[in-house]
Amino acid sequence: MKKIFFISIAVALLSSACNDKSFLTNEPTSILTTDQVYSSSELAFSVLANLYNGYVDQQTITNWAEFTNFDEAFPSEAGNYWRVQQINYPYNWWSLWNYDYIRNINLFIQNCQASTKLSDGDKTQFIAEARFLRAANYFELVKRMGGVPIITKPLTYDYSGDPTYLQHPRAKESEVYDFILSELDTIKNILPDDASIQDRATKGVCLAMQSRAALYAASIAKYGVNTPSVNLPGGEVGIPASMANAYYEKSRNAALELINSGKYHLYMKHPDDLATNFAALFYDKSNNPEVIFAQNFKLKSGTVEAWTLNNQPRAIAEEAQGGRLNPSLNLALQYEKLDGTYAPFNTDSDYANEGDIFANRDARLAGTFILPGSQFKGQNVDIWAGYILPASNNTIITSNVFGGQAQLPGKNYKEQVVGFSGPIDGLEFSAQTGFYVRKFMDPATGSGQIGTQSEVWWVRYRYAEVLLNIAEDEFELGNNDSAAMYLNQVRLRAGLTIPLTPSEITFDRIVHERRVELAFEGHELFDNKRWRIADKVWNGQQISAQDLFNNIGKASAPNTMIYGMWPYKIYQPGSINDGKWIYKVLKPNEVTAAHNFQLGNYYSQIDQGILSNNSKLVKNPNQ
């Protein structure tokens, strides 16, 4: 009886529910509608913030291994040794076709325009920021793919069975650059002209991006003649040489407008220690006058980065992590002596102090590298490869473990014979080139701990690059006086007090200055591509250390294999040389291949699936 009663109640309730159809029209409580999102400034901004998270970078501090693909650094992690053991770069490397991201931006713009609840001020700013992100993304696309379809409205399939109206051909490469420059021109005066805003779109970053993008277009137009097979007849790849000067002038004008605004300056908070000054400009987030646009991170917010954790010197690692990225000797050699001359490090001499070999060099060397004999976080980094015994035919006594011990002649006990940070050939996480990286490294306590990590930002645009952009523009336009003036501003900050004269400004000088100033900032690959020297620099030929010494400062010299330089402590009791330091140049054993950048690498391969879905697309050349 009781059971029947409960069944009756259930049937009654079910019947009641079925009769009340209102539940079918209830608003969901866990989903926001488009109208709801675009009725609130805060919610609309949260969508915009997510679009900022989609900003594309090739090399960045959140992906350390990408910096080891070329000649800047060695990957001291067994799982990444392949990067110095492969010869060819696959044609699909650096490929990008993220039209889902572009669609999301276009939808955001459309929804903001349609909103009747957002204030006019919010709508205007949000739309301008979205257009900035779209321009930035098209810049990434054209750098990698050449001309691509320019889509500025959200496309929607109508289920008619005929998708051809969704298929768009590739625009000319020049048309994509023109679109980017035009968009930035339109929005730059809408966005805030406020240098204190460094992680959202401003007028400053629009000008900086215009300067960079126009410079890219200009150099492709000028130097494309050197790679005639890297072109397509429809202009999807390649820009006519006749357009070069106009682009150089656009780049110069944008840079000049930013410079003349007086809102940005070179970072100079530590004039008495220029190496620390250069290092600090990348981690100092307090009133930093040089940073124009950066990806920000914040402790205890879920948005931290692990650059310091991954790359801290092992001797002082806060946890058993670090040592993955070892800057190359190839790069170190590029930093001039303070008298402005190029010279290899003198490995024929011995030195009283381990770091003496690096004395009187461009301050950016010690600001970019953690060098043997230096400190990080106030502690010795302990980089040395062993003892060398001149009296025993330069026998080397070392160990294959961090801080390993061995017995030296004449002693009856073991002692440390190699640094706690290496270098040890083949031992991952040790300084296999003899160096660790300093740029973007966070000196704060806890930055090397997994549970803390770092809030140092990733700087995408900064004032020094704008100065280098305009120096290159002026050089290419034949204005060497002006080019020297801008180049010397950057060099003076690095301690190079003897200014370059206008007659000394050459293409090699322009390339050299960008390499040393902008190392580990993601420029080298795309710079070498736009100058059409990538196939010469990474030409697949084995190189020797002597090749590197002979070609310092030469823009297109082959640079296909990574070398290192190790310090040894002299063991010669009774000699004045006992305890001094000498250095040896070597190629890490894991470096077995010479990088080969093929003509088909100048523009990345468009995936076959994309080509199959859109018959209006043409392939890139040499693929």
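The following is a dialogue about how some residues of this predicted model are described.

Modeller: Residues are numbered from 1 along each chain as its sequence is written. In this predicted model, local features need pLDDT of at least 70 and side-chain atom pairs count only at pLDDT 80 or more, while totals for chains, interfaces and linings use all residues, and side-chain values use heavy atoms, with hydrogens and water left out.

Biologist: Why is Lys-188 called buried?

Modeller: Lys-188 has a relative accessible area of 10%. Buried means under 20% relative accessible area, exposed over 50%, and partly exposed in between, with a 1.4 Å probe and protein chains only. Lys-188 is therefore buried.

Biologist: Where does Lys-188 lie, and what does Lys-188 touch?

Modeller: Lys-188 lies in the loop between helix 6 and helix 7 (203–223). Helices (H or I, at least four residues) and strands (E, at least two) are DSSP runs, numbered from the N terminus. Not counting residues up to four places away in sequence, Lys-188 touches Lys-203, Cys-206, Leu-207, Gln-210 and Glu-257; contact means heavy atoms within 4.5 Å. The C-alpha atoms of Lys-188 and Lys-203 are separated by 4.5 Å, although the two residues are 15 residues apart along the chain.

Biologist: What makes the pair of Lys-188 and Glu-257 a polar contact?

Modeller: Their side chains make a polar contact at 3.2 Å. The term needs a pair of N or O atoms within 3.5 Å; within protein, one must be able to donate a hydrogen and the other to accept it, and residues adjacent in sequence count only if both atoms are side-chain atoms.

Biologist: How do you know that Asn-469 is buried?

Modeller: Asn-469 has 0% relative accessibility, so Asn-469 counts as buried. Asn-469 lies in helix 13 (residues 463–476), and its side chain makes a polar contact with the side chain of Arg-514 (2.9 Å). Arg-514 is one of the buried residues of helix 15. In helix 15 (residues 507–517), ten of the eleven residues are buried.

Biologist: What makes Arg-460 and Asp-57 a salt bridge?

Modeller: The N to O distance between their side chains is 2.9 Å. A salt bridge is a side-chain nitrogen of Lys or Arg within 4 Å of a carboxyl oxygen of Asp or Glu. Arg-460 and Asp-57 meet in such a bridge. Arg-460 lies in strand 12 (residues 458–462) and Asp-57 in the loop between helix 3 (41–53) and strand 1 (73–75), so the pair ties together parts that are 403 residues apart in sequence. By this rule the count comes to 35 salt bridges.

Biologist: What does the salt bridge of Lys-222 and Glu-476 tie together?

Modeller: The side chains of Lys-222 and Glu-476 meet at 2.6 Å, N to O. Lys-222 lies in helix 7 and Glu-476 in helix 13, so the pair ties together parts that are 254 residues apart in sequence.

Biologist: How do you know that strand 13 and strand 14 pair?

Modeller: Strand 13 and strand 14 (residues 581–586) are joined in the antiparallel sense over six bridges. Two strands pair if DSSP finds at least two bridges between them. Strand 7 (residues 387–389) is joined to strand 13 by two bridges, and these strands run parallel. Strand 13 (residues 564–570) is mostly covered, with six of its seven residues buried.
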